[in-house]
Amino acid sequence: MSDNDLPSGSELEQISEIRKALETELRELEATNANFPHTTGDIFMTRLLRGNNGSVEESVKWYRNCLELRAKFGLDDVYRRASAQNLRWSSTALPHSEDMAKYFNFVFDESLLSLTGHVVWYDAIGDARTAAMLKEFDREKATEFFKYLVEMRSAALDRMSAERGRLIRNTRIMDFEASGMWQMNKEWNRFEKEVVYAMLMGTSIEYAQVLFVINFPWFFVKVWDTIKGNFPSRVVSRVRVLGSDFMSNPEYLAEVGPAMTTELLAKKRNRDPTGYVVPPLEGGLEYIPPGRVMERVVEVAAGQRVSWSYKVCGAAEVSNSRSFLGKIATAATSMLESSEVVFSVVGIWTDLIQCEIPRVKCKVRSVSVLEGGAAEFWMDDALVEHKAEQGVNLVALDANTQELRLKQCYDFAEGSQRLKEDLAALPKTCIVLVALKGKGAESLTEEALESLRSLGGTLQAGIYQQGYALIGSTWGVATAETKGNDAVAEGEALTMDTTSELVASTEVSPSSGLVEGSTDVERGGLVVVKWSNYHSFVHKKALSEYKVSVA
């Protein structure tokens, strides 16, 4: 079940418990005609329950605090006035939006949708003039603007969720380009905490699909990677802290994409001229710094062909472009590092958003030898006929037709090579169910473990006398994975991939000369052509005569 699905049967039972505990409060809201869909409906209650980790008690506590904040800020009246005026949730339509645009650069609108169908909210942090706003602009009007922003967002996302039959959220982008310590001041921090965050965090819940923090200084990115373990996992799972290379992030590309990024960045007032611009698809000479990657992204439709050509430059060609000391460094490092780059092509499919992709209900059970040992598989609640034996039991089915493609058992110690070969021979459209049975799982070879990880598993070592169950896929995405004495993995597996490896990573050197290639695509989305120099510590690489095209 996805976080964006409407409530399940068990969740509706819990929501009924929440309503019973809040009977007095809900009756008062109904008596005052304040029982709005976005504050009392099942969709809001679903967000409430999930945002409180499925706890009825915590949900009731949070809701009562929410009602106090709604009364404090008069949000019921805000919604009534907005409804009477038929206001949209838009950065240009809210009261005082024209004045606030002098001090902030927000871009949001109900019609501005991400590639996965969520509503985009972009914030150019570097354009914010918080001290000037508090000094020059009427604070009551500023407060009113944020009241409408918060309230109409909740109402819009609730309405859109009902219309689309799934939870619609915000894809938020906070762009820190051209931001700095000069923007910070105590008065704004107090206003933001007591007004903005009080309403955002206290009266809305589970409205974030993902938060992309982009153009963040690299050292703060490293700090976040270090400290994020101290934050609740539900928060961390929604936050992506990215530097100036955010366009190299596959998740960002799949959610926002280059076209919308270009549109949003064009609205910034303060721009670093060295910041992100749409890179050319053709060029004469391009350098790839050590530890970095060069990418070219093109939008494609089903049936199109993506073609490329390029040359990898040798150390001498790179050296000729450098200073005297740079030439010495190049000569020295070239003795330690070769000149090759790692080339690959990846497809990110956006023709169907994840909730539109058909799913198949799967279940795998693996019982440890201590409990008698078993390996069982189900597809759409039907038991798959399979004679389980000691070892890695595997069943592969076509994701679209559920036709059986492979049913086999592999010895823990001696079956690794055959497991690898059989998986490689499967089409890239298979759901793969795996269950271990019997003694000897601790002797799984690294080759066997790599094969399981290629299906989306995370197992790093063999496990002694325990069960292990996996619902994976030949495109490397797992639906469920578990281990234990009686391990049961179950879930609704996607029948289509959202990303594909179109060209496997390959080392290419200057001796390869002019490299040409192409790939045909069967789905719509983005194709990312990559030249990686991640393996280099000090030596930059270079391409010449590169070209990427779509026909």
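Strand β3 (residues 170-175) runs parallel to strand β4, and the pairing extends over six bridges. The model that shows this pairing is predicted. Within the pair, I173 stands opposite F212 of β4. Strand β4 covers residues 208-214, and five of its seven residues are buried, so the strand counts as mostly covered.

**The chain as a whole**

The chain contains 18 helices and 22 strands. It has 551 residues, of which 50% count as buried. The chain is divided into three parts: domain 1 (9-266), domain 2 (282-352 + 499-550) and domain 3 (358-494). Domain 2 is given as two segments, 282-352 and 499-550. The centres of domain 1 and domain 3, taken over C-alpha atoms, are separated by 40 Å.

**Either side of strand β4**

E206 is placed in the loop between α10 and β4. Its phi is near 60°, a positive value in a residue other than glycine. E206 counts as buried because its relative accessibility is 14%, under the 20% limit for that class.

N215 is found in the loop between β4 and α11. This residue is not a glycine either, and its phi is positive at about 55°. N215 has a relative accessible area of 14% and is therefore buried.

**Helix α11 and the nonpolar patch**

Which residues make the nonpolar surface patch? W218, F219, F220, V223, I227, F231 and V235 make it, and its area is about 680 Å². Helix α11 (residues 218-227) gives the largest share of the patch, with five residues. F220 has its place in this helix. With a relative accessible area of 39%, F220 is partly exposed, as this class lies between the 20% and 50% limits.

**Helix α4 and R50**

Helix α4 is mostly covered, with eight of its ten residues buried. The buried residues are I43, F44, M45, T46, R47, L48, L49 and R50. Just after this helix, N53 takes a positive phi of about 55°.

R50 is in helix α4, which comprises residues 42-51. Is R50 buried or exposed? R50 counts as buried because its relative accessibility is 7%. A polar atom of the R50 side chain lies 3.5 Å from the backbone oxygen of L6. The side chain of R50 also meets that of E11 in a salt bridge, at 2.8 Å from N to O. E11 lies in helix α1 (residues 9-21) and R50 in helix α4, so the pair ties together parts that are 39 residues apart in sequence. Both E11 and R50 are buried.

**Salt bridges**

How many salt bridges does the structure hold? It holds 30.

| Pair | N to O distance |
|---|---|
| E11 and R50 | 2.8 Å |
| R172 and D123 | 3.5 Å |
| R139 and E187 | 2.4 Å |

R172 forms a salt bridge with D123, with the closest N and O atoms 3.5 Å apart. This pair links distant parts of the chain, as R172 is in strand β3 and D123 in strand β2 (residues 119-124), 49 residues apart. The bridge therefore involves a residue of the strand that pairs with β4. D123 has a relative accessibility of 7% and so counts as buried.

R139 forms a salt bridge with E187, and here the closest N and O atoms are 2.4 Å apart. Again the pair links distant parts of the chain: R139 is in helix α9 (residues 139-164) and E187 in helix α10 (residues 186-203), 48 residues apart. R139 is partly exposed, because its relative accessible area is 34%. E187 is likewise partly exposed, with a relative accessible area of 35%.

Salt bridges also join residues in a network, which links R70, D76 and E151.

How values were computed
Residues are numbered from 1 along each chain as its sequence is written. This is a predicted model: local features need pLDDT of at least 70, side-chain atom pairs count only at pLDDT 80 or more; totals for chains, interfaces and linings use all residues. Side-chain values use heavy atoms; hydrogens and water are left out. Helices (H or I, at least four residues) and strands (E, at least two) are DSSP runs, numbered from the N terminus. Buried means under 20% relative accessible area, exposed over 50%, partly exposed in between (1.4 Å probe, protein chains only). A polar contact is a pair of N or O atoms within 3.5 Å; within protein, one must be able to donate a hydrogen and the other to accept it, and residues adjacent in sequence count only if both atoms are side-chain atoms. Patches are made of residues with over 30% relative accessible area and no salt bridge: like charges are joined within 9 Å, nonpolar side chains (Val, Leu, Ile, Met, Phe, Trp, Tyr) within 5 Å. Accessible areas come from the Shrake-Rupley method with a 1.4 Å probe; for residues, only the protein chains shown count as cover. A salt bridge is a side-chain nitrogen of Lys or Arg within 4 Å of a carboxyl oxygen of Asp or Glu. Domain bounds come from an automatic or database domain assignment. Two strands pair if DSSP finds at least two bridges between them.
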